[in-house]
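Student: I have a chain open on my screen and would like to go through it with you. Can we start with the overall picture and then look at single residues?

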Amino acid sequence: MALPLSDLLMLGSGEKKLAACVVLLLLELFMEGAEAGSTNQADTDNHLELGKDFLARGQLSDALTHYHAAVEGDPNNYLTLFKRGTVYLALGKTRFAIQDFSRVLELKPDFTAARSQRGIVHMKSGEYDLALVDFEHVLREEPQNGHVNEHYARLRPAQEQWELVQRLMNNNDDQNAIGMITQLLEISPWSVPFRQARSDAYLKTNDVLSAISDLRQVNRLSQDSTEGHYNIAQLLYNIGHATNALKEIRECLKYDPEHKLCFPFYKKLRKVEKQLTTGEQAREQKQAEQCITAAEAVLKHEPEETMIRYEAHKLLCSCYTLDEQFGKALSQCKQALDILKDAQVYCDRADALLGSEMYDDAIHDFQAAIEIDENNSRAKEGIQKAKKLQKQAERRDYYKILGVKRSANKQEIVKAYRKAAQKWHPDNFKDEEKKVAEKKFIDIAAAKEVLTDPEKRRQFDNGEDPLDPESNSHGFRGADPFAHFQHGSPFQFKFHFN
């Protein structure tokens with residue numbers, strides 16, 4: 001209870017001292033409150049200045065941080081809320097922008113700039129009814145507002161077009177629906193329903209990559225939902241993009257490490273993606289055996305998903321060819337091509353057919369690759385190579401002469417040469433057999449010369465015989481084909497011609 005000053009003076013000395021202390025304490029608290037209020041306002045003004053400065057430099061996130069602090073310091077300042085709302089809008093955070101603009105209009109209903117901005121956000125989000133309400137309110141206050149009039153004029157036709165899109169999709173006219181939704185998205189790029197509808201239409205027309213692109217936007221506009229990441233990962237996996245699917249499913253697990261759908265899918269996907277990556281790297285490094293092992297593991301881990309199995313068959317087609325297991329390669333190539341007609345797989349199978357000396361079939365596959373991709377240089381070069389090899393097959397095959405694979409290294413070639421030279425040495429034969437041996441020995445010598453010389457071997461692998469005068473190469477030029485055996489050869493011998 002407050003005491004009048006006359007009553008306070010009538011108190012005893014002890015009571016007077018106590019009352020005086022109470023008065024001084026109350027006065028101090030009042031002064032501190034006044035100073036704090038002054039400090040808070042100064043801090044708020046400082047944050048506003050910093051926010052303005054960062055905004056001018058285009059540093060939107062930093063500007064937003066200071067506008068947050070300014071709103072906390074003065075939550076009922078409609079101008080501060082409006083500034084923060086515009087920054088939210090610039091950052092694409094439409095939901096928060098709407099909240100700030102709505103709060104501004106609660107504090108100051110006649111602030112048409114906020115209502116106009118809110119209407120624009122509604123329009124760009126495809127919320128045409130709400131946009132109409134805001135624009136009509138602004139135009140009652142400012143009928144000559146050209147900017148708002150322009151937006152307002154687009155809303156009714158857009159509403160009608162969206163209704164037409166829904167009818168088209170109900171009638172499965174997805175191609176026309178896609179075109180109309182694309183037009184609507186020029187007006188309403190932040191509309192989740194529009195992008196979701198176009199994504200659905202793309203899926204029905206088998207344009208999966210375009211559907212995924214729209215779903216990414218849906219997920220971003222929906223603040224990165226776990227369900228969105230899971231659906232995108234599934235679609236990527238379905239088209240054989242295991243690495244991108246793994247990245248997407250990891251985004252889901254960032255939000256929920258134990259997600260009931262994402263976590264089991266992640267465990268399977270991680271195994272498949274690792275083996276596919278290992279197989280592709282092994283193929284690039286010409287490590288055929290490692291590539292084959294990895295691709296077979298993919299088929300084991302994924303018994304159902306067609307496009308993932310396609311990637312594995314594609315790897316096996318290429319790597320069995322690399323390993324010169326041409327029969328297995330042709331089987332895997334066929335399985336891949338049964339799933340998807342791909343120019344590179346046709347080229348891989350053509351290489352396997354070349355290795356099997358099926359030159360006409362190889363040319364046919366190279367031509368099939370060109371029909372898919374008319375600029376495919378590998379296929380064009382392959383046709384020329386196949387024709388040369390076909391012509392060469394009528395002559396000598398130096399790999400066959402020495403009995404080595406086309407992938408044999410120099411050490412293996414020299415070893416095979418020594419074995420063949422020892423077997424077919426002319427001094428080991430007589431009469432007619434000696435003539436056959438001499439011919440064989442000449443071929444063996446020629447094979448060693450070509451296959452141990454990198455440049456000559458390259459020419460031969462491209463279908464040219466570097467020892468054939470018709471191939472415009474130097475060949476022996478009439479020199480003694482056995483001259484190089486007289487020095488450094490492990491086989492010393494003389495020919496005894498009649």
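This is a predicted model: local features need pLDDT of at least 70, side-chain atom pairs count only at pLDDT 80 or more; totals for chains, interfaces and linings use all residues.

Student: Fine. How many helices and strands does the chain have?

Tutor: The count is 24 helices and 0 strands.

Student: And what share of the chain is buried?

Tutor: Of the 498 residues in the chain, 41% are buried.

Student: Let's do helix packing. What do you need to describe a pair?

Tutor: Two packed helices are described by the angle between their axes and the distance between the axes.

Student: OK, then how do α8 and α9 cross?

Tutor: Helix α8 covers residues 146–170 and helix α9 covers residues 174–187. Their axes come within 9 Å and cross at roughly 155°. Angles over 145 degrees count as roughly antiparallel, so α8 and α9 are roughly antiparallel to each other.

Student: Left-handed or right-handed, the way α8 passes α9?

Tutor: The crossing of α8 past α9 is left-handed.

Student: Which residues make that contact?

Tutor: From α8 the contact uses Arg154, Ala158, Gln161, Trp162, Leu164, Val165, Leu168 and Met169. From α9 it uses Asp174, Asn176, Ala177, Met180, Ile181, Gln183, Leu184 and Ile187.

Student: How do the residues of the α8 and α9 contact divide by class?

Tutor: There are 11 nonpolar, 3 polar and 2 charged residues in the contact of α8 with α9.

Student: Now α14 and α15. What are the distance and angle for their axes?

Tutor: The axes of α14 (residues 262–284) and α15 (residues 288–301) come within 8 Å and cross at roughly 155°. The two helices are therefore roughly antiparallel to each other, and their crossing is left-handed.

Student: Which residues meet there?

Tutor: On the α14 side, Lys268, Lys271, Val272, Gln275, Leu276, Thr278, Gly279, Ala282 and Arg283 take part. They meet Gln290, Cys291, Ala294, Ala297, Val298 and His301 in α15. By class, the contact of α14 with α15 has 7 nonpolar, 5 polar and 3 charged residues.

Student: I clicked on glutamate 280. Where does that sit?

Tutor: Glutamate 280 is in helix α14. Its relative accessibility is 30%, so glutamate 280 counts as partly exposed.

Student: Switching topic. Is arginine 118 buried or exposed?

Tutor: Arginine 118 is buried, because its relative accessible area is 16% and the limit for buried is under 20%. Arginine 118 lies in helix α6, residues 112–124.

Student: What does the side chain of arginine 118 make a polar contact with?

Tutor: Its partner is the side chain of aspartate 134, at 2.9 Å. Leaving out residues up to four places away in sequence, arginine 118 touches Ile98, Phe101, Ser102, Leu105 and Asp134.

Student: And glutamine 332, which helix is that in?

Tutor: Glutamine 332 is in helix α17, residues 326–339. At 12% relative accessibility, glutamine 332 is buried. Its side chain makes a polar contact with the side chain of histidine 313, at 2.7 Å. Apart from residues up to four places away in sequence, glutamine 332 touches His313, Leu316, Cys317 and Tyr320.

Student: Let's look at loops. Where is arginine 406?

Tutor: Arginine 406 is in the loop between α21 (398–402) and α22 (410–423). Arginine 406 is partly exposed, with a relative accessible area of 30%.

Student: What is arginine 406 in contact with, neighbours within four places aside?

Tutor: Its contacts are Glu324, Leu389, Gln392, Asp397, Tyr399, Arg457, Phe460 and Asp461. Aspartate 461 is 55 residues away along the chain, and the C-alpha atoms of arginine 406 and aspartate 461 are separated by 8.4 Å.

Student: Glu324 is on that list. What is its phi near?

Tutor: Phi of glutamate 324 is near 60°, a positive value in a residue other than glycine. Glutamate 324 lies in the loop between α16 (306–322) and α17.

Student: Last one, asparagine 206. What is phi there?

Tutor: Phi of asparagine 206 is near 65°, a positive value in a residue other than glycine. Asparagine 206 is in the loop between α10 (192–204) and α11 (208–221), and asparagine 206 is exposed, with a relative accessible area of 67%.

Technical notes. Residues are numbered from 1 along each chain as its sequence is written. Side-chain values use heavy atoms; hydrogens and water are left out. Helices (H or I, at least four residues) and strands (E, at least two) are DSSP runs, numbered from the N terminus. Buried means under 20% relative accessible area, exposed over 50%, partly exposed in between (1.4 Å probe, protein chains only). A polar contact is a pair of N or O atoms within 3.5 Å; within protein, one must be able to donate a hydrogen and the other to accept it, and residues adjacent in sequence count only if both atoms are side-chain atoms. Contact means heavy atoms within 4.5 Å. Axes are lines fitted to C-alpha atoms, for helices over the stretch in contact, and angles run from 0 to 180 degrees between N-to-C directions. Angles under 35 degrees count as roughly parallel, over 145 as roughly antiparallel, 65 to 115 as roughly perpendicular and the rest as oblique. A crossing is left-handed if the near helix is turned anticlockwise from the far one by less than a right angle, and right-handed if clockwise. Ala, Val, Leu, Ile, Met, Phe, Trp, Tyr, Cys and Pro count as nonpolar, Asp, Glu, Lys and Arg as charged, and the others, Gly among them, as polar.
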